[in-house]
Amino acid sequence: MTAVAAGHPDNVQIVLAEKETLDRLTDLLLPSELQFLHAAAEREVKTCFFPRAQGAALVRLFAPSTDPAANAEDARLAGNDLLREIRQYKIERVTLHNYCRDNRMFQVAEGMALGNYQFLKYYTRPEKKEHSLREICLAGADPEAVAELDNLLDAVCLTRSLVNEPHSHFTATDLARAAEISAQQFGFEAEVLGMETLENLKMGGLLAVNQASDVPAQFIVLHYCPETARETAPIVLIGKGVVYDTGGLSLKPSDGMDYMKCDMAGAATVIGAIAVAAKNKLPVRLIGLIPATDNKIGERAMSPGDVIRMYSGDTVEVVNTDAEGRLILADALHYAKQYQPALVLDFATLTGAAVRALGSQAICYMGTAPQNVKSALEKSGWNTYERLVELPLWKEYGEELKSNIADLRNLGAGNAGMITAGKFLQHFAGDMPWLHLDIAGPAYLRHANGYRTKEGTGVGVRLLYDFLKNYSASITSPSAEALDDQ
Ligand code: BES
Ligand code: ZN
Ligand code: ZN
């Protein structure tokens with residue numbers, strides 16, 4: 001992970017500027033260089049490189065618009081572009097200097113650090129592949145704000161790495177172990193319910209999906225409860241933890257199965273989000289719930305048509321064993337009720353329909369939480385460019401889930417699959433204020449896209465951090481209603 005730090009002069013100075021602010025660079029550049037830059041700016045050139053006896057200066061020119069979200073994303077992408085620019089020089093440390101009217105250093109550093117992420121664990125000679133950049137310094141920045149960003153980037157990279165772990169090396173018990181290790185590292189608590197407890201609780205959805213597995217199902221419960229928020233109702237974050245999805249007996253075609261190690265991305269997001277909230281000591285009480293298993297085939301596997309009894313007591317006709325995510329999430333939603341949460345957010349790589357609808361550029365979301373919460377979350381989506389699109393949960397979609405033989409079936413009629421999946425979850429969310437985020441599209445990329453490196457993207461961690469930070473401000477200052485002010 002590339003660290004971000006405050007201070008340190010070093011070999012490459014990266015200067016962030018705008019055409020309008022070039023005259024402020026007189027202490028950094030020679031008059032001839034400034035003249036060159038002015039001309040370059042006229043031609044809409046974006047970067048200029050000036051070699052120096054000691055290191056070099058790289059000037060990046062921004063042309064901001066009136067849209068702050070677009071400007072922030074432009075700066076992150078610029079960070080990633082700059083990274084590519086300097087990669088050939090095998091530089092270990094750069095220092096950013098802000099000469100823009102708005103400070104762009106933090107977003108540039110964010111894009112640089114995230115673009116520099118690599119998952120090299122399974123190469124026998126990782127040093128051959130490793131990028132050189134180790135540290136990004138932010139000249140003159142507030143060290144606390146820099147540390148806050150560094151922790152956030154750490155958490156995003158943690159989430160990416162959990163998703164990138166192949167199933168051969170990462171089962172449900174490994175996921176539980178990883179949650180415990182992260183809890184220790186970042187400062188929260190993890191508790192793992194094993195098979196015996198799950199059987200006693202009759203968590204029928206999770207147990208049914210786990211039926212054909214060699215590895216026991218795990219129900220991971222995370223707690224972050226700072227003194228400052230002890231008396232408040234918690235936010236419950238639920239993450240789908242299917243460490244591998246073959247589809248079960250409703251087997252997936254082989255070209256849809258090869259990246260199903262990503263089916264625990266929701267779980268990884270929940271771990272990452274609680275990790276950064278804890279590390280940065282956000283005054284908000286959080287519970288994380290992760291039902292974890294693989295979805296395998298075998299003699300004991302569920303058969304399409306089976307009827308199972310869920311943790312809530314409802315019966316479900318399992319028409320398609322590949323619609324397994326909703327079965328395990330339903331049990332987690334029912335488990336969440338005991339906390340009387342202020343809000344429940346679930347994250348899941350739930351449907352191919354979400355991927356077909358929005359691709360990797362947005363999260364499909366839906367739910368029953370009040371409008372001010374939805375608006376705040378959408379706002380965080382723009383702030384972090386992990387954008388959200390809301391879909392309706394009209395009751396007509398729910399009619400498709402009626403079964404001839406049980407309380408509910410786990411499959412809709414075909415179209416709008418992300419919504420019928422949402423309707424299924426809504427049944428188990430009951431009257432808790434709840435939102436479901438289907439991250440199947442943006443959670444995992446076959447090819448890098450800007451600073452989102454290939455495979456696990458860590459989507460949801462930056463979104464949640466922004467959301468939770470605003471939310472905690474709204475509950476800790478009694479007069480201000482930060483969420484309403486958004
Ligand atoms: N894990 C998949 C959804 C998925 C698809 C995730 C593509 C990431 C990328 C989920 O368990 C699944 O198989 N969903 C089925 C549901 C269907 C059988 C109703 C789907 O969307 O095809
Ligand atoms: Zn599936
Ligand atoms: Zn799945």
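Predicted model: local features only at pLDDT ≥ 70, side-chain atom pairs only at ≥ 80, totals over all residues.
## Helix α12

The expected span of a helix is 1.5 Å times one less than its number of residues. Helix α12 covers residues 371-384, 14 residues in all. From first C-alpha to last, α12 reaches 20 Å, close to the 20 Å expected.

Which residues of α12 are buried? They are Val-373, Lys-374, Ala-376, Leu-377, Ser-380, Gly-381 and Thr-384. Seen down the axis of α12, these buried residues fall within an arc of 165°, so they line one face of the helix.

Most residues other than glycine have a negative phi. Tyr-385 counts as partly exposed, at 24% relative accessibility.

Lys-202 is another residue other than glycine with a positive phi, near 60°. Its place is the loop between α6 (195-201) and α7 (204-210). Is Lys-202 buried or exposed? The cut-off for exposed is over 50% relative accessible area. Lys-202 has 58% relative accessibility, so it counts as exposed.

## A three-strand sheet

Three strands make up an open sheet. Their order is β12-β13-β17, and the pairing is mixed. At the edges stand β12 (306-309) and β17 (408-409). Each has a single partner strand, so one side of each is left without a neighbour in the sheet.

β12 pairs with strand β13 (residues 315-318) in the antiparallel sense. Four bridges join the two. Opposite Glu-317 in β13 stands Val-307. Strands of a sheet pair through backbone hydrogen bonds, either parallel or antiparallel.

## Two packed helices

Helix α4 (residues 143-164) packs with helix α9 (residues 265-279). The axes lie 8 Å apart, at an angle of about 160°. How do the two helices run, roughly parallel or roughly antiparallel? Angles over 145 degrees count as roughly antiparallel. α4 and α9 are therefore roughly antiparallel to each other. The crossing of α4 past α9 is right-handed.

## A buried methionine

Met-112 belongs to helix α3 (residues 105-115). Buried means under 20% relative accessible area. Met-112 has a relative accessible area of 0%, so it is buried.

How far apart are Met-112 and Arg-84 in space, C-alpha to C-alpha? They are 9.1 Å apart. In sequence, 28 residues separate Met-112 and Arg-84.

Notes: Residues numbered from 1 in each chain as written. Chains lettered and ligands numbered in written order. Heavy atoms only, no water. Buried < 20%, exposed > 50% of the residue type's maximum accessible area, 1.4 Å probe, protein only. Arc of directions from axis to C-beta. Pairing = 2+ DSSP bridges. Axes fitted to C-alpha atoms, helices over the stretch in contact; angles between N-to-C directions. Parallel < 35°, antiparallel > 145°, perpendicular 65-115°, else oblique. Left-handed = near helix turned anticlockwise from the far one by under 90°.
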